[in-house]
Amino acid sequence: MATTKKTNNLPFLLEKKEVVLVKPAKPTPSEVLSFSTIDNDPNLEIICQSIYVYRAKSFSCINGDHDHPVSSNGKTHNLEYSSDPVTVIRDALSRVLVYYYPLAGKLKRDSDGELRLNCNSSGVPFLSASANCELSSLDYLDGVAVEVAKPFVFDWPGEEDDDDNGSHPLILQVTKFSCGGFTVGMGLSHSVCDGPGAAQFYRAMAELATGKTEPSVKPVWERERLVGKPTKTPFQNHIDKSSLATSPHLPFTEIEHGCFNVNRETLKRLKTSLTKECGDEFTTIEALSAYVWRSRFRALQFNSDGKTVFSLTVGSRGRLNPPLPDGYYGNAFTGAFVTIMGKDLNEGPLSRVCKLIKESKKIACSSDYVWNSINMFETMRRENIKLEMDNATLVLTDWRQLGLVEEIDFGWKGPVNMIPVPWRMFGYVCLCIFISPSTLDPAMKGGLRVLVSFPPTAMAKFKEEMDALVNLGDDKALP
């Protein structure tokens, strides 16, 4: 039974069909899986939602055959079958769950505090929907308000459902538009996958949708590889909370989400200015994260005699000894931290901040550092200590290297846009995400988008800071 409703006075009607549970196409192992120390972090016990935007299928001619659509990998498909993205993706999901069968199970934190995943083939909640508008009328979700994007993902279970047996780690929604384009809204438990793990799963599903009989990378669970050993000394927080900077804008009652485009030329000018300032060269992540950190500090009007903290998510794949196997899709990252006085961030040379970020990245890339972090988290978990980020901390994560835009093709070529739907990880105002630009604007090639959240009273000042960056000239000093 389908339901049609106008959603929050938005400029379209959305018709939703009933949720179905998509199960693995073949029998899968029945077992209970445990998690790594990082997976068990209570801060990761959230569903991360993202939306992938696909244009209408274009029909190409191969050897004079006009009857079969062509995907970006050159494979042809049966026209009747592959013209419906709901059918294609639902079928691919069923087949990929044979390999990723834990995602069809139920996730639950037991009374001993441990997360466990019951692989019972419960199935993945799958919703198909139709919107009575063209994607172009919504700018392919590029820069749209969160309220506009939210109808294209959904939460499950609803309030009426009994979740005593746990929650679903994966949820999918496919929404078709009148233009022939569609969106795939994915909700995935951060306890089960990190960014590279999510990309690996999504890419595998697309491979099976476009003719492959099995994923090119086979998934590996083996979470025991990243279980830490508790330290002999009790955990101590080395930052005195009373020394951290405070903001008159926080705590907040309202939140506003912003998306800021930074093109390649702006990034080049920023890095050139920093090099002129100190003689060193910096990567995009080092230069722009320093600028965003300072802009956030100014926008929220933190006191300069308090401390502020920067945390950059750094992937651990390929850095560990012994190394993780190819196909590992659990959480494998750590944080690179910088703590400085507010006055030094706000008034000191930005190149010094860049140097501190560069140094912290280098330290965080060592196997010893990663294992020390894992052991520390295991100690905290055993002592029932939950790390809660203060508002004086900026947590930055970079999604640009995940290959989620352009590369993942279900037969309609790659997505023209991908956006995360903000989630409450460490609180909205603490989180900043760098993502690749939409492919629809050639002027943004080589650039990136900066996603942030602020109380409305602070967003205007942050925009001012970002405008100053865009207007930075080769002969101008950094603002």
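Student: Which of the 55 residues in the largest nonpolar core touch the most other members?
Tutor: This is a predicted model, in which local features need pLDDT of at least 70, side-chain atom pairs count only at pLDDT 80 or more, and totals for chains, interfaces and linings use all residues. Residues are numbered from 1 along each chain as its sequence is written, and side-chain values use heavy atoms, with hydrogens and water left out. A nonpolar core is a set of buried Ala, Val, Leu, Ile, Met, Phe, Trp, Tyr and Cys residues joined through side-chain atoms within 4.5 Å. In the largest one, of 55 residues, those touching the most other members are Tyr 54, Leu 93, Val 192, Phe 201, Tyr 202, Met 205 and Phe 410.

Student: Which element gives the most to this core?
Tutor: Helices (H or I, at least four residues) and strands (E, at least two) are DSSP runs, numbered from the N terminus. Among the elements that give two or more residues to the core are strand 5 (47-54), helix 2 (85-96), strand 10 (182-189) and helix 4 (195-209). The most, 9 residues, comes from helix 4.

Student: How many residues are in the other core, which lies apart from this one?
Tutor: Within the largest core, Phe 201 touches Leu 93, Val 96, Tyr 100, Leu 103, Leu 170 and Met 186, leaving out residues up to four places away in sequence (contact means heavy atoms within 4.5 Å). Apart from that core lies another, with Phe 297, Cys 354, Leu 396 and Leu 448 among its members. Its number of residues is 50.

Student: What share of the residues in the protein is buried?
Tutor: The protein comprises 10 helices and 17 strands. Buried means under 20% relative accessible area, exposed over 50%, and partly exposed in between (1.4 Å probe, protein chains only). Of the 479 residues, the buried share is 51%.

Student: Is Thr 183 buried or exposed?
Tutor: Thr 183 lies in strand 10. Its contacts, not counting residues up to four places away in sequence, include Ile 51, Leu 135, Phe 152 and Gln 173. Because its relative accessible area is 0%, Thr 183 is buried.

Student: How are helix 5 and helix 6 oriented to each other?
Tutor: Helix 5 (residues 264-278) and helix 6 (residues 284-299) have axes 10 Å apart and pack at an angle of about 85°. Leu 267, Leu 270, Lys 271 and Leu 274 of helix 5 meet Thr 284, Ala 287, Leu 288 and Tyr 291 of helix 6. Angles under 35 degrees count as roughly parallel, over 145 as roughly antiparallel, 65 to 115 as roughly perpendicular and the rest as oblique. The two helices are therefore roughly perpendicular.

Student: Which residues of helix 8 make the contact with helix 5?
Tutor: Helix 5 and helix 8 (residues 350-364) pack at an angle of about 100°, with axes 9 Å apart. That makes helix 5 roughly perpendicular to helix 8. Helix 5 contributes Leu 274, Glu 277 and Cys 278 to the contact, and helix 8 contributes Leu 350, Ser 351, Cys 354 and Lys 355.

Student: How far apart in space are Ser 438 and Leu 448, C-alpha to C-alpha?
Tutor: Ser 438 is found in the loop between strand 16 and strand 17 (448-454), and at 6% relative accessibility this residue counts as buried. Beyond its neighbours within four places in sequence, Ser 438 is in contact with Asp 142, Val 416, Asn 417 and Arg 449. Ser 438 and Leu 448 are 10 residues apart in sequence, and their distance in space, C-alpha to C-alpha, is 8.8 Å.

Notes. Axes fitted to C-alpha atoms, helices over the stretch in contact; angles between N-to-C directions.
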